[in-house]
Amino acid sequence: MYRLSFTAKECESNLVFRTAVPSCHRTCDYVHQDLPDTCLTQLQNWCTCPPGTYLQNGECVTAEECKCNLHGVLYDHGDIVPQKCNLW
């Protein structure tokens, strides 16, 4: 999981400083999955995305704005992705 630990005035981009939040970021890679239990039991005070948004490339985006990650390459929804001799 991607981690950013800063003080309130050091939050980058559209992240916000929050207290007692899960120790793992909600990211677009896991937008439809629950956070692991270890993330929920280890709370931190840090910069994180506002509720209802997910971290992708250092920015907080809505689930609808999340791009698809295939082998480290990000694709927009609806993109046609060549895979060997098939198109996915």
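The link of Cys49 and Cys60 is left-handed, with -90 degrees about the S-S bond, and in this predicted model the two residues are joined as a disulfide (a pair of cysteine sulfur atoms within 2.5 Å) with an S to S distance of 2.2 Å. The pair links distant parts of the chain, 11 residues apart, with Cys49 in the loop between β2 (43-48) and β3 (54-56) and Cys60 in strand β4; helices (H or I, at least four residues) and strands (E, at least two) are DSSP runs, numbered from the N terminus. Cys49 counts as buried at 5% relative accessibility, and Cys60 is likewise buried, with a relative accessible area of 8%, where buried means under 20% relative accessible area, exposed over 50%, and partly exposed in between (1.4 Å probe, protein chains only).

Residues are numbered from 1 along each chain as its sequence is written, and side-chain values use heavy atoms, with hydrogens and water left out. As the model is a predicted one, local features need pLDDT of at least 70 and side-chain atom pairs count only at pLDDT 80 or more, whereas totals for chains, interfaces and linings use all residues.

A disulfide is a covalent bond between the sulfur atoms of two cysteines. The structure holds 4 disulfides, and, when the bonded cysteines of the protein are numbered in sequence order, the pairing is 1-5, 2-4, 3-8, 6-7. Cys68, by contrast, is in no disulfide, the nearest cysteine sulfur being that of Cys66, 8.9 Å away; with a relative accessibility of 37%, Cys68 counts as partly exposed.

Cys66 itself is joined by a disulfide to Cys28, with an S to S distance of 2.0 Å. The torsion about the S-S bond of Cys28 and Cys66 is about -70 degrees, so this disulfide is left-handed. Because Cys28 lies in the loop between β1 and α1 and Cys66 in the loop between β4 (59-61) and β5 (68-70), the pair ties together parts that are 38 residues apart in sequence. Cys28 counts as buried at 8% relative accessibility, and Cys66 is buried with a relative accessible area of 4%.

A further disulfide is formed by Cys24 and Cys39, whose sulfur atoms are 1.9 Å apart. The torsion about the S-S bond of Cys24 and Cys39 is about -75 degrees, and the disulfide is therefore left-handed. With Cys24 in the loop between β1 (16-22) and α1 (37-41) and Cys39 in helix α1, the pair ties together parts that are 15 residues apart in sequence. Cys24 is buried at a relative accessible area of 9%, while Cys39 counts as buried at 0% relative accessibility.
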